Amino acid sequence: MEISLGFGGATLTNLKSLKEILFLLDLAFDYGIRHFDTAPLYGQGYSEVIYGKFLKDKREQITLTTKFGLGEDNETDRIPVNFILPANYLVKSIKKKLKGSAQVDDKAYSGCPYRKIEKSLIQRSFEKSLRRLNTDFVDYFLLHEGLPSFLTDEAFAYLVKLKEEKSVRYIGIGTNCLGIKTLNADDVALWDILQYEYNIPLVANEIKAKFPKKLHFHHSCLKGINDEQLKHIDANDRGGFLLAQATRNNPQGKIIFSTRSPVSLKKNIEGFLKYSSK
């Protein structure tokens, strides 16, 4: 049974082996998740490489988001993923022990400082993403932590061309909710998707009301999992409760969550199914 949740790939490369990651992604698929989210920034391109392996026999069954405009200059992905993951995991483990706290890569980008985004950057990014993802089209192609005003006219025309050629089905803006809140109807008129965090529900709901004709993708819905008001919910069900609540508030869009734990994945989805039926 397909469910209305998406899985985010921001921290996949923090796991220690490709086998472990593919098991997690296959588990998400087996539980009915059919939307997956990644970006060149995530794992310096390796998240897309991993998704390319996962998608090999599933491409027509899922929808896929990748992004452009952030992290392209940090892409490496020249070393085979089977070698890079254990090395990356070892380095992170050593840093954690030395500093006494977890080192989290790909953390949420907190602002949108202006940067000029030209056609050449988007074109290079898109072509690399297709190669890594082992696909010839992308369902959702999002501007990563930026605003429409960052794009040159030629850059935006290139996005429109990708849609016309059906290399991209939809284009969107994926940035923090405070950045999206500054936009007006003219700014987003030719964009299809707005993706932003849902951990500030009042702001997210304000954005939905401001742009009712757009598709809204929400992420970071689980950040309130330890809030006092959830004490009446069984600890195993709290993630699922929050996901179900977010889905009810955004029934036409997508709700994206992530985890590196198969156990947490099961708990979240089973809790989601439980509270979605209530």
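A residue is called buried when its relative accessible area is under 20%, exposed when that area is over 50%, and partly exposed in between, as judged with a 1.4 Å probe on protein chains only. Helices (H or I, at least four residues) and strands (E, at least two) are DSSP runs, numbered from the N terminus.

The structure is a predicted model, in which local features need pLDDT of at least 70 and side-chain atom pairs count only at pLDDT 80 or more, while totals for chains, interfaces and linings use all residues. Residues are numbered from 1 along each chain as its sequence is written, and side-chain values use heavy atoms, with hydrogens and water left out.

**Helix 3**

Helix 3, made up of residues 81–99, has 19 residues and spans 27 Å from its first C-alpha to its last, where the expected span is 1.5 Å times one less than the number of residues; this is close to the 27 Å expected. Its buried residues are Val-81, Leu-85 and Lys-92. Seen down the axis of helix 3, these buried residues fall within an arc of 40°, so they line one face of the helix, the arc being that of the directions from the helix axis to the C-beta atoms. On the other side of helix 3, Phe-83, Leu-90, Lys-97 and Leu-98 are exposed. The cover over the buried residues of helix 3 includes helix 1 (18–30) and helix 2 (46–54), where contact means heavy atoms within 4.5 Å.

**Aromatic rings**

Rings of Phe, Tyr and Trp (its six-membered ring) pair if their centres lie within 6.5 Å, and planes under 30 degrees apart count as stacked, over 60 as edge-to-face and the rest as tilted. The structure holds 13 aromatic pairs, and two of them are set out here.

| Pair | Centres apart | Planes at | Type |
|---|---|---|---|
| Phe-7 and Phe-257 | 5.9 Å | 85° | edge-to-face |
| Tyr-140 and Tyr-170 | 5.4 Å | 20° | stacked |

The pair of Phe-7, in strand 1 (residues 3–8), and Phe-257, in strand 8 (residues 254–257), links distant parts of the chain that are 250 residues apart. Phe-7 is buried at 0% relative accessibility, and Phe-257 is buried at 4%. Tyr-140 lies in strand 4 (residues 138–144) and Tyr-170 in strand 5 (residues 168–174), so their pair ties together parts that are 30 residues apart in sequence. Tyr-140 is buried, with a relative accessible area of 6%, whereas Tyr-170 is partly exposed at 28%.

Phe-7 and Phe-257 also belong to one aromatic cluster, together with Phe-29, Phe-36, Tyr-51 and Phe-54.
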